[in-house]
Amino acid sequence: MSTPHNRAEKGQIAATVLMPGDPLRAKFIAETFLTDPVLFNDVRGMLGYTGTYQGKPVSVMGSGMGMPSIGIYSYELYTQYDVQNIIRIGSAGSYTPKAALFDVVLATGAYSESSFARTQSGCTDDIILPSETLNDRLRASARALNIPLIEGIIHSSDVFYRHDDRTNPTYWEALRDEKGCVAVEMESFALFHNARVLGKNAACLITISDSFVDSRVTTAEERQTSFTNMMKIALGAVE
């Protein structure tokens with residue numbers, strides 16, 4: 001039973017799905033870490049694969065950029081394909097020197113100014129929490145791999161290129177200081193909301209790809225293939 005955005009049939013997608021934003025990162029994960037990966041989706045170039053990791057079924061699929069995109073894909077995975085757990089594995093910009101390039105951050109909540117949750121279900125919360133059970137599994141996986149995690153609230157923004165008219169030039173600093181946001185990305189608020197509405201589990205691991213307090217940035221190729229610590233932690237949390 002396919003959808004307008006996913007040609008997979010029921011049974012082709014595992015109960016746990018890892019969701020990078022970039023479909024080419026999904027392809028890299030499938031080809032690098034999974035045993036016998038099978039392509040289940042390529043509609044609109046949004047690649048999805050199912051295979052096994054250490055004998056456990058797992059799927060990996062791109063989400064695209066932004067809350068509307070991950071909102072569509074995650075909702076369909078939860079409602080049409082019996083997916084129980086989605087772990088977003090993405091890139092983010094750091095708001096603090098405590099989160100440096102290539103560090104892995106585990107989201108303990110997602111703050112957003114977005115209207116996504118209000119429009120979708122009437123929810124007016126500006127911070128939505130992930131599944132604590134799934135977060136605990138990710139923490140245990142990170143400990144087993146001896147990979148340090150930074151934990152904190154992340155900012156899910158609808159805007160990548162923010163116009164600064166100098167009336168509010170330190171907006172990100174206010175989010176860091178007042179809301180406790182350690183980094184910014186564009187998807188997790190919608191993912192966490194869909195999971196909460198549907199009684200499913202969602203979590204988010206992000207790797208710092210650039211920083212508001214450091215001029216260094218990662219390349220597109222590094223973002224696609226070099227964030228392996230985050231990938232290993234997520235795969236280690238699959239049950």
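Q: Which residues of helix 1 (residues 23-33) are buried?
A: Buried means under 20% relative accessible area, exposed over 50%, and partly exposed in between, with a 1.4 Å probe and protein chains only. In helix 1, the buried residues are P23, R25, A26, F28, I29, A30 and F33. Helices here are DSSP runs of H or I with at least four residues, strands are E runs of at least two, and both are numbered from the N terminus. The model is predicted: local features need pLDDT of at least 70, side-chain atom pairs count only at pLDDT 80 or more, and totals for chains, interfaces and linings use all residues. Residues are numbered from 1 along each chain as its sequence is written, and side-chain values use heavy atoms, leaving out hydrogens and water.

Q: What caps the N-terminal end of helix 1?
A: D22 does, with a side-chain oxygen 2.8 Å from the backbone nitrogen of L24.

Q: How do I read the packing of helix 1 and helix 8?
A: Two packed helices are described by the angle between their axes and the distance between the axes. Axes are lines fitted to C-alpha atoms, for helices over the stretch in contact, and angles run from 0 to 180 degrees between N-to-C directions. Helix 1 and helix 8 (residues 228-236) pack at about 65°, with axes 12 Å apart. That makes the two roughly perpendicular (65 to 115 degrees; under 35 is roughly parallel, over 145 roughly antiparallel, the rest oblique).

Q: Which residues make that contact?
A: Contact means heavy atoms within 4.5 Å. Helix 1 gives R25, F28, I29 and F33; helix 8 gives T228, M231, K232 and L235. They divide into five nonpolar, one polar and two charged. Ala, Val, Leu, Ile, Met, Phe, Trp, Tyr, Cys and Pro count as nonpolar, Asp, Glu, Lys and Arg as charged, and the others, Gly among them, as polar.

Q: At what angle do helix 2 and helix 6 pack?
A: Helix 2 (residues 67-80) and helix 6 (residues 188-198) pack at about 30°, with axes 8 Å apart. Helix 2 is therefore roughly parallel to helix 6. Their contact residues are nine nonpolar, four polar and no charged.

Q: Is H155 buried or exposed?
A: H155 lies in strand 8 (residues 150-156). It counts as buried, because its relative accessibility is 2%.

Q: Which polar contacts does the H155 side chain make?
A: A polar contact is a pair of N or O atoms within 3.5 Å; within protein, one must be able to donate a hydrogen and the other to accept it, and residues adjacent in sequence count only if both atoms are side-chain atoms. The H155 side chain meets the side chain of Y95 at 2.8 Å and that of E113 at 2.9 Å.
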